[in-house]
Amino acid sequence: MNGHASRIHFRGVFVNRTLPMESDSNQAARKTLDERNRMSELERLRHSCAHVMATAILRLWPEAQFASGPPVENGFYYDVELDHRITPEDFPKIEEEMKKEIKANHPFEKRVVDRSQALADAQKGRLGALSERSVPSRYKLGNLADIPEGEPISYYQNGDFVDLCAGPHVMRTGNIGAFKLTNVASAYYKGDEKNPQLQRIYGTAFKNKTDLEAYSKMIEEAKRRDHRKIGAEMGLYVIDPEYVGPGLPLWLPKGGAIVEALEDLAKETEFAAGYVRVKTPHLAREKMYQTSGHIPMYLESMFPPLELKENTEAQVAERYYLKAMNCPHHHRIFAAEPRSYRDLPLRLAEYGTCYRYEQSGELFGLMRVRSLNMNDAHIYCTPEQFAQEFNAVNDMYLKYFKIFGIEKYVMRFSTHDPSKLGQKFVNEPELWIKTEKMVKDVLESSGINYIPVPNEAAFYGPKIDVQVWSVIGREFTLATNQVDFAVPRKFGLVYRDQDNTRKTPLCIHRAPLGTHERFIGFLIEHYAGNFPLWLAPEQVRVLTIGEDDSLVNYAKSIVQELRGHMVRAEGDYDGDKINGKVQRAEHSKVHTMLVVGPRDMTANAVSVRVHGKGSLGAKPRTEVVTDILSAIRERRP
Ligand SMILES: [Zn+2]
Ligand SMILES: [Zn+2]
């Protein structure tokens, strides 16, 4: 179920923006009071800045109708309905008004009101407004209806601006140290496309100018490293909406090379860790996804079914679904043979392709796609084996982080809420407690950097979202691990235990390298396309100084030797000036350039040049080849 439960929150949120904000999903739903109380200082500041922005917009367009304005990763937004189409050209004048409001240093004053008062004020257009107006505050009326009976209703007021809001905020507008409006997008009210489309104005705020400047620099750098831009420049992938379909990336040869290098890494690592590999089809019958719970729970994330009749007499058509997850197929592999405790743990691995029906407005480069190649595996084990297996999974993550130079990460450990058993979470109170404790014990004893997140578990068990930071400090959600104690039972999976009784195994879902799409998207930014040798699409290019026959043959023999060792080596033998050829190779981000001239040939040597590092001088050919091979084998950073 990797990542499945979390993506459901994306449904209906149409977003159009220049950079993906990974955790918008969590903000799409209304925050509970509990979640609000957990808002960090920075989130309070950013949310307060949303109020200040609304104040400013109302000074310019008093008729503006505001909906919701939560903090999001890296900033905040406020959804507004306004005939005037706000564009970045409007930002300076909005920011000017915001500065005045911050300078005025108004306190955020809280007032608890009863529902009838709130309804009356909303009818008078007073909520999300600077004064009473001739039309009701229609979205605030809608928000009011979402507040459960018994939950307190409160206003927050800064200056003349009164908003329906549960808080929390900073003390005064003057506490907002530095801010900036960043982007406009469209969003449906409450994320539902049946509702009106609003303008979503994004901004960010920080305690001080220094932090804001560091953030702006990071965003500039992220734009320079945008995976869509570099992906196109390097020829890694294309999306062909007309013939193939939106969200279905085609890996070009250079992207395919990265895919293969990652799969080799996964296969070696998993093989050494005792995994076995399987291969499964891309679709399965309806019964599979009824049993797994996908059809009841996640149907809207799946592609519509294919229907066919096995023969002309058949009365009913069979329904097949493209797989949204690999787990059910793996469960059937588990069930395919009788299993004994001696067979466990059974670790089934597959780079499986899954298909998810993301709405077209949500698709974003490689980051949100409709076909996903997942570094998947399912570990079936006994409760006694769980700690060791889970630990081994975590170790695998740490090993990968080291290889990719990922220095900052956190594991978000999501647990269940006992009051929502049977609704949001499968109704197995004891198994929840037991499993969560097992996971927590492993996390604590292994000293892994984790944070607990109550009430965010998947339906079938606790989950761990792995968040990593790229080298420029941008956060990505790469993978989800999940402990599943419910679905193996639904599939009737059993093993015969030592005491000869039949027991249901636990299942650990894990995908440390996430999907090729998302992980390569991350790596492109992380390396700015300058991949280490082992990952570089073109690892070596041999360049001749001139096109003399014997020289070309010498160069070709080097290319042949390297290719014989599976090194992605090419040759550039034409008569152009060597500087031009080097420039071309540098531009294509070829990792290692081997320049050969007559003198190199005579000495059986090559002149080495490394992308971004310049010339390393002439070296004996055998030494260079040996070094290239070991750098690749060791996956040197
Ligand atoms: Zn799974
Ligand atoms: Zn507020």
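Arg-285 stands opposite Tyr-320 in strand S14, in a model that is predicted, where local features need pLDDT of at least 70, side-chain atom pairs count only at pLDDT 80 or more, and totals for chains, interfaces and linings use all residues. Residues are numbered from 1 along each chain as its sequence is written, while chains are lettered from A and ligands numbered from 1 in the order in which they are written.

Strand S14 (residues 318-322) runs antiparallel to S12 and is joined to S12 by 3 bridges; two strands pair if DSSP finds at least two bridges between them, and strands (E, at least two residues) and helices (H or I, at least four) are DSSP runs, numbered from the N terminus. The open sheet consists of 3 strands in the order S12-S14-S13, with antiparallel pairing. Strand S12 (283-285) and strand S13 (306-308) each have a single partner strand and stand at the edges, so one side of each is left without a neighbour in the sheet.

Lys-440 belongs to helix H15 (residues 429-446). Lys-440 has 15 other C-beta atoms within 10 Å and is therefore partly exposed, a class between buried (20 or more other C-beta atoms within 10 Å of the residue's own) and exposed (12 or fewer), with C-beta atoms placed from the backbone. The C-alpha atoms of Lys-440 and Tyr-450, which are 10 residues apart along the chain, are separated by 9.5 Å.

The domain assignment, which is automatic or taken from a database, gives domain 1 (20-216), domain 2 (232-309 + 317-527) and domain 3 (540-633). The C-alpha centres of domain 1 and domain 3 lie 58 Å apart.
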